[in-house]
Amino acid sequence: MIPATMLTNALLVGAVLFCLGLVGILTRRNLIVMFLSAELMLQGVSVTLVAWSRYHGDWGGQVLVVFVLTVAACEAAVALVFVLQAFARTGRLDASAWQALREENLPRVIDHELPADDRVVPTWPHLSPAGVLPEGDDSRSLERDHV
Amino acid sequence: MDPASTATTAPSGLLLAGSVAALAASLWLLLPKASDTVTSRRLGFLLGAVALVGFAATGRSLGCVGEDAVFLTVAGIAVLSGLATIVTRSPVYSAIWFAMTLAGVSGVLLVLGAQFLGVATIVVYAGAILVMFLFVLMLAQPSGMAPYDRVSNEPMLAAAAGAVLLGLLTLSIGRLSAAEPPSCCRMPSRAQAVAAAAPADGAAAKDDGHTTLIAPATAGGDTGDANEVAHLGAELFGRHLFAVEVAGVLLLVALVGAIAVVSRGEATETDHRREGR
Amino acid sequence: MQSSAANLLVLVPLLPLLGAIGTVLLGRRLGSRAHLPAVAGIGAAAVVALLLLLGTAAQVGGGHGDPLRPAEPVEMITTLWQWATVGDARSGDLSVTENSGLGAPVAPGTADHGGAFSIPIALRLDPLTATLLTIITGVGLLVAIYSIGYMHDDPGYPRFFALVAMFVFSMSMLVAASNFLLVYVFWEAVGACSYLLIGFWYTKPEAARAAKKAFLVNRVGDFGLAIATFLLWMTYGTLDFHDTHLADGTIVEGILGQIRLADEAGYVGGAVGTAICLLMLLAACGKSAQMPLHVWLPDAMEGPTPASALIHAATMVTAGIYLITRSAPLFVGCPGALAMVSIVGATTALVAALIATVQNDLKRVLAYSTISQLGYMFVALGTGTMLGFTAAIFHLVTHAFFKALLFLGAGSVMHAMGGVIDMRRFGGLRHVMPITAATFLVGACALAGVPPFAGFFSKDEILATLHAKAHPEAHGSDHAEAGSAGERPRDSFGQSGVAAPSPFRPASMTTRSARRGAPGEHGSTTEKVGLDALDHPSTWRLLFWMSLLTAGLTAFYTFRAVFMTFTGPVRVPKEAGHHAHESPTAMTSPLLVLAVLSAFSGLVLFVTNALSSFLAATPSLTAPAVARTAVPHVFHWDIAIQGTLAAAIGIAVAAIGHLGRRSDSPQMERYLGPLGTLFANKFYFDQIYAALVVKPLEALAMVTAFFDRTIVDGTVDAIGQVPLAWGSAIRRMQSGLVQRYALAGVVGVLAIVLALAWQLRP
């Protein structure tokens with residue numbers, strides 16, 4: 001049994017997770033991220049259910065969460081299969097690639113400007129193949145006479 | 001533990017509205033757009049934190065500090081990781097952040113006293129489902145990030161909608177803890193009703209045959225209940241046996257279905273490979 | 001006996017109706033035998049009508065033989081069912097007050113029948129009806145037989161016979177109905193059949209136009225009959241002709257029922273009575289093609305010739321005559337109206353005869369001749385004497401025979417000449433079609449009034465009654481006076497001597513009611529005011545000379561037509577092809593039958609005085625006002641000589657102009673000059689109507705059409721555009737992007753929840 005204060009706290013946590021998941025699923029275009037956001041919503045719901053269940057002492061909430069977990073697993077499996085099918089047809093994981101059900105005289109929504117990929121490509125250290133003495137680079141070596 | 005005894009402040013409308021606005025702004029700033037800069041993202045994070053604090057202030061109430069600290073930590077991890085999940089550009093990072101969220105959520109569940117579920121969340125979600133996501137991501141998009149990951153669909157409207165929804169939910173949650181909760185929201189805890197009805201402690205609580213198989217849950221069934229898993233199991237396989245079996249069948253069906261779709265899809269995959277990697 | 005006569009009476013309209021229905025249902029299947037149901041129906045009806053005629057004659061013949069005493073009325077009423085009843089249709093407000101001046105209480109001595117409006121489907125059989133039924137079904141049968149040959153290869157063969165049978169049904173019901181509303185219904189029905197038959201070849205624009213014109217002009221007359229019906233109901237409280245015996249013992253007096261007829265003061269005169277009579281005159285003008293509603297009959301010749309023969313010569317156009325004869329007691333109470341009837345008739349007769357003298361289309365000549373002869377009948381009716389009414393019906397009967405004969409003969413000619421009917425294009429046809437020529441000549445003699453053919457006797461009687469009214473003293477007995485003498489027009493007070501003026505009664509009414517007193521007073525010496533002033537001997541003298549002149553003109557144009565068509569060198573137009581021979585037996589046998597009738601019926605009926613004494617037993621004509629004017633049956637030698645002289649002059653002039661000459665030789669009307677043009681243009685009636693009536697209506701129609709197209713349709717279209725506009729706006733929401741759909745859903749749900757939360761805020 002949890003006190004009412006903890007109930008409201010937990011409910012708040014659940015609500016936040018739910019709303020964040022909602023925003024994510026409405027906004028992000030990557031199918032996988034959309035799905036993750038959906039799972040986030042489910043997490044929020046689970047927290048809420050458990051909170052109520054513990055507050056009232058009613059096991060129903062937790063039982064429901066068990067089932068939610070189960071169904072989420074099935075759903076994830078099947079959904080990912082479809083995601084892969086979608087990827088196979090379009091070659092991308094873009095939700096906006098599927099617009100064929102629009103009205104006939106509406107133009108296709110296409111991206112006009114895409115932000116540039118501003119990631120810094122990391123330079124990983126180059127490891128030479130084993131058994132070969134790496135070439136020394138005097139400019140980069142520190143002053144040490146022994147290792 | 002009487003909800004009426006711990007006086008809380010009724011949710012303040014202004015604070016709530018401000019929190020809603022701040023959350024909306026922060027989400028909008030954070031969601032991937034063409035016009036993102038590092039500054040905007042930092043500002044977004046700041047605003048988001050501010051907003052969440054505001055929501056917490058309107059909704060929650062102060063209670064015992066010790067419990068609170070643990071709860072606050074894990075809740076904070078969950079919420080902030082959740083925010084990060086949806087705003088990160090790279091889907092792989094998004095999945096990792098989701099794992100963090102799961103950790104936070106598991107912590108919350110444990111604090112709430114649902115031990116089985118807390119562990120099950122980690123095991124099933126983080127261990128199985130998330131791994132599946134990563135597999136698929138690596139199959140489909142090994143480079144990690146694609147152009148369409150850097151833009152969002154209708155960020156403004158979605159952010160506003162989410163923020164408003166959160167405001168509404170907070171409002172109603174706040175009402176629960178108000179000094180005088182409205183009659184429609186007044187929900188006395190069943191436990192308190194049980195305690196009120198059965199003054200003798202050891203007597204069997206007559207509450208509708210809920211947990212009658214093993215020991216009935218007394219008013220003292222709280223976080224430290226060592227038999228929680230057993231009780232949950234008894235409940236599951238007692239009252240909800242049929243549902244459990246159906247769930248099992250559902251898992252089987254999903255498995256078979258997934259395999260069936262995939263095997264048929266593979267035959268046509270090469271035919272349907274389209275443009276636009 | 002009574003019930004079998006009732007059954008037979010019902011059969012007369014019923015059998016042609018069944019024939020029409022049979023033709024409609026089986027026509028296509030019967031093919032070239034599609035005439036069988038209709039001809040069988042009409043033929044059976046003709047036999048039944050003849051039986052009824054003989055039966056009624058037997059009943060009449062059992063009465064006394066004195067022509068000077070009013071005959072015993074012979075009638076038989078059979079009520080089939082009650083069509084409509086409105087319980088208390090006549091409320092207390094409509095009942096007569098002292099000063100209202102409108103219709104009388106129901107009848108003297110009977111209780112008000114609770115003011116119910118009831119229309120029974122009742123048929124009556126009396127001498128007038130029996131005569132007309134025989135004519136209608138008899139001539140109808142002959143025309144139907146003729147049509148078997150005439151319409152032989154017409155694609156609308158079944159439709160024609162269905163229409164003819166339908167028409168015979170409607171006309172039979174019209175003359176047999178015993179209720180003014182039923183008469184109105186079948187008045188319209190014959191109008192409709194006429195429309196359908198004129199426009200039989202509806203693909204021809206002239207035919208469609210002529211049919212429309214006929215219907216619309218008839219409509220004007222129908223309007224008059226409708227108003228007259230309303231006034232009749234308000235005045236007399238019922239629309240039945242016959243007396244109805246109610247269950248509680250009271251009797252509802254029919255307008256032409258025994259009780260009211262026997263009552264000297266049973267009929268309303270004055271303004272209301274004159275209004276009723278004039279409106280009925282308007283209706284009769286419409287149906288019988290009198291001026292100014294005569295313009296439809298010449299155009300109606302666009303229809304098939306047998307239809308013209310049946311409808312526009314023998315039967316339908318006589319409906320007006322029937323109506324006035326049937327309403328004789330009402331008319332006799334309003335001398336002014338009677339004088340109007342005669343004036344209209346005589347004027348029409350003269351004008352139509354003048355127009356006919358310059359027509360070159362044989363059917364048009366006959367059409368104008370019909371108008372003219374109908375005018376004769378109206379003249380006779382308007383004299384208001386027993387002789388006048390019987391003369392009119394006599395002329396109706398003989399006219400039916402010889403006019404039908406002439407029309408069928410013209411049809412025979414047209415059939416042989418390949419559709420050409422312009423007399424200038426053929427000639428000398430007595431060598432080509434001798435039977436047609438002979439019968440046509442018989443008919444022409446009858447029409448012209450050559451003794452001893454039928455038309456001579458009937459025309460003689462008409463002239464005689466005119467002469468009697470023009471010279472009341474010359475004919476001695478006070479019975480032969482102008483019809484204003486005996487009857488007392490009854491004013492609305494039902495009392496004597498009270499002359500309180502009221503807004504509804506003209507001054508003439510006042511003075512007449514002041515003069516009320518002894519019956520039998522000589523009306524010719526009293527002053528008459530208003531319309532009644534027309535009833536003056538000098539008027540009748542003028543009408544007599546007009547009629548005599550018309551007789552001469554009739555002979556002229558008739559024999560002009562005969563000479564142009566049948567005498568002179570043989571000329572056949574090229575459209576005739578191989579048709580230029582005598583018509584088949586189906587067409588010539590009715591011609592022969594009608595020729596015999598035209599030749600001898602007049603003589604027989606006159607010598608035996610059968611028709612007059614038979615008709616005198618008609619209830620309408622047994623009213624004392626009418627019966628009082630009966631005269632002994634004599635042959636008026638002086639009138640006969642005048643009439644024959646006029647006919648002879650006419651024939652002589654025609655012979656001078658056309659006998660033996662080529663039909664396209666220069667005609668006599670070139671001597672008429674501008675008058676000839678006037679006649680040829682039909683006195684410009686059509687042009688006047690076009691300017692006064694048609695063009696304004698067309699303008700109004702165009703305005704209305706514009707309003708309908710632009711404003712009404714525009715509004716509807718604009719309203720229709722609204723959903724289209726909304727749709728195109730909403731359609732943009734469907735972009736195909738699932739996330740946008742979900743967003744829309746979320747926003748919608750939020751809106752609802754916000755609204756609810758706002759509503760439920762504490």
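Guide: Contact means heavy atoms within 4.5 Å. By that rule, the contact between the two chains takes 111 residues from chain B and 81 residues from chain A. This is a predicted model, in which local features need pLDDT of at least 70 and side-chain atom pairs count only at pLDDT 80 or more, while totals for chains, interfaces and linings use all residues. Residues are numbered from 1 along each chain as its sequence is written, chains are lettered from A and ligands numbered from 1 in the order in which they are written, and side-chain values use heavy atoms, with hydrogens and water left out.

Visitor: What is the area buried between chain B and chain A, and how much of it do carbon and sulfur atoms give?

Guide: Buried area is the accessible area (1.4 Å probe) that two parts lose on being put together, summed over both. For chain B and chain A it is about 8,400 Å², with 74% from carbon and sulfur atoms. On the side of chain B, the residues that lose the most area to chain A are B:Leu112, B:Phe133 and B:Tyr148, which together make up 9% of what that side buries.

Visitor: How do you know how many salt bridges cross the interface of chain B and chain A?

Guide: The rule asks for a side-chain nitrogen of Lys or Arg within 4 Å of a carboxyl oxygen of Asp or Glu. Across this interface it finds 0 salt bridges. Polar contacts are a separate count: a pair of N or O atoms within 3.5 Å, where within protein one must be able to donate a hydrogen and the other to accept it, and residues adjacent in sequence count only if both atoms are side-chain atoms. Between chain B and chain A, 11 residue pairs are in polar contact, both residues being at pLDDT 80 or more.

Visitor: Which helix of chain B gives the largest share of the side that touches chain A?

Guide: Helices are DSSP runs of H or I with at least four residues, and strands are runs of E with at least two, numbered from the N terminus. Helix 5 of chain B gives the largest share, 14 residues.

Visitor: How many helices and strands does chain A have?

Guide: Chain A comes to 3 helices and 0 strands, in the order α-α-α from the N terminus on.

Visitor: Where is C:Pro292, and what kind of peptide bond joins C:Met291 to it?

Guide: The bond is cis, with omega about -5 degrees, and C:Pro292 lies in the loop between helix 8 (270-288) and helix 9 (296-299) of chain C.
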